[in-house]
Amino acid sequence: MPTLTNQQNDPIADALGIEFALSAEGFPVARTRELVLAMITTPKGSLLASTWRATGSLSAIKREDFYRHDGHLADEAAFVARVIETAEHQRDLHDLGRVQARISCSTPWGMAQSATIYGPGIVSYATAGHGGFHLSPDRNIVVPSALRNDTCWYEEDVEWSAIAHAFPELFTGYERRMADEIIRHSWPEFWERAHGRPLVAGESRGKDRQAFEKIHADHWIVMSAIFSEHHVGMTEVVARRGTERRIGDVERRYLIDSSEYAGRGRFGFVIDEARHQLYEGLSSFVGWSRSVA
């Protein structure tokens, strides 16, 4: 496993121009181009912190010089791996030569404030809030039908992954890996066809959710919850049958032990009608007026 102590003469780090060191306060730091990254320990674990254009020696840098963090780190080896991944991403971005432009146009997320041209007919727009890509019609048809938006617009959180899949040569290795992960979670059936293997439980949130919804299609699922003001240690919940939500659905209230409710699964809490009793008492929900089924 790569660690800070064996990176001084590492050929990969040298080729990427990475500088590793220990800070003035003893935590690991690294410089790649104009970005400085650090592994900072907090009461909740180690975090990947970053700062831009920090001048001077890495050995003189302090915790207060970092202004953002980019997720948790398991250990020093994970820090080194993230630094190398970041440096590779920076190198790929430089080689791709994307063009920054000022293009004023309307997007589904508001007026564009800036744009990045990835290639002919492929432009990413930034707005005051959200953002995303626009493809020309001839480029859009290249996107696989299972991932394609007929509007030619693709938002920046999830849908952009369809473009990275269709035009991998315009994205960095890091971006391609992120896009593949998004597709695995959001379009599991497409991912399985593309990779030629089935996804097993735990590999895809999307496929796991589909399985949950199929199994519990006729069960009562909690849709909202609040700590009970009238029963100490209990959580008052409102449940509907199945996972589909429709106007006019019958709703039921239950009281669940708060410790039990805290252990709910990723996709919701399933009412066990053999143990959980319907609740018709005073409610902690403001304006509750619906009838119990």
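User: In this predicted model, are Tyr 118 and Phe 133 buried or exposed?
Analyst: The cut-off for buried is under 20% relative accessible area. Phe 133 has a relative accessible area of 5%, so Phe 133 falls in that class. Taken together, Tyr 118 and Phe 133 are both buried.

User: How many aromatic pairs does a search of the whole structure find?
Analyst: Rings count as a pair if their centres lie within 6.5 Å. Searching the whole structure on that basis gives nine aromatic pairs.

User: How many residues apart in sequence are the parts tied together by Phe 133 and Phe 171?
Analyst: Phe 133 and Phe 171 form a tilted pair, 6.2 Å centre to centre with 50 degrees between the planes. Phe 171 is buried, at a relative accessible area of 3%. Phe 133 is in strand E11 and Phe 171 in the loop between helix H4 (160–166) and helix H5 (173–186), so the parts that the pair ties together are separated by 38 residues.

User: Which residue has its charged end over the ring of Phe 171?
Analyst: Phe 171 belongs to a cluster of Tyr 118, Phe 133, Trp 160 and Phe 171 linked by ring pairs. A charged end sits over the Phe 171 ring, 5.6 Å from its centre, and that end belongs to Arg 98.

Methods: Residues numbered from 1 in each chain as written. Predicted model: local features only at pLDDT ≥ 70, side-chain atom pairs only at ≥ 80, totals over all residues. Heavy atoms only, no water. Phe/Tyr/Trp six-rings, centres within 6.5 Å; stacked < 30°, edge-to-face > 60°. Buried < 20%, exposed > 50% of the residue type's maximum accessible area, 1.4 Å probe, protein only. Helix = DSSP H or I, 4+ residues; strand = E, 2+ residues; numbered from the N terminus. Lys NZ or Arg CZ within 6 Å of the ring centre and 35° of its normal.
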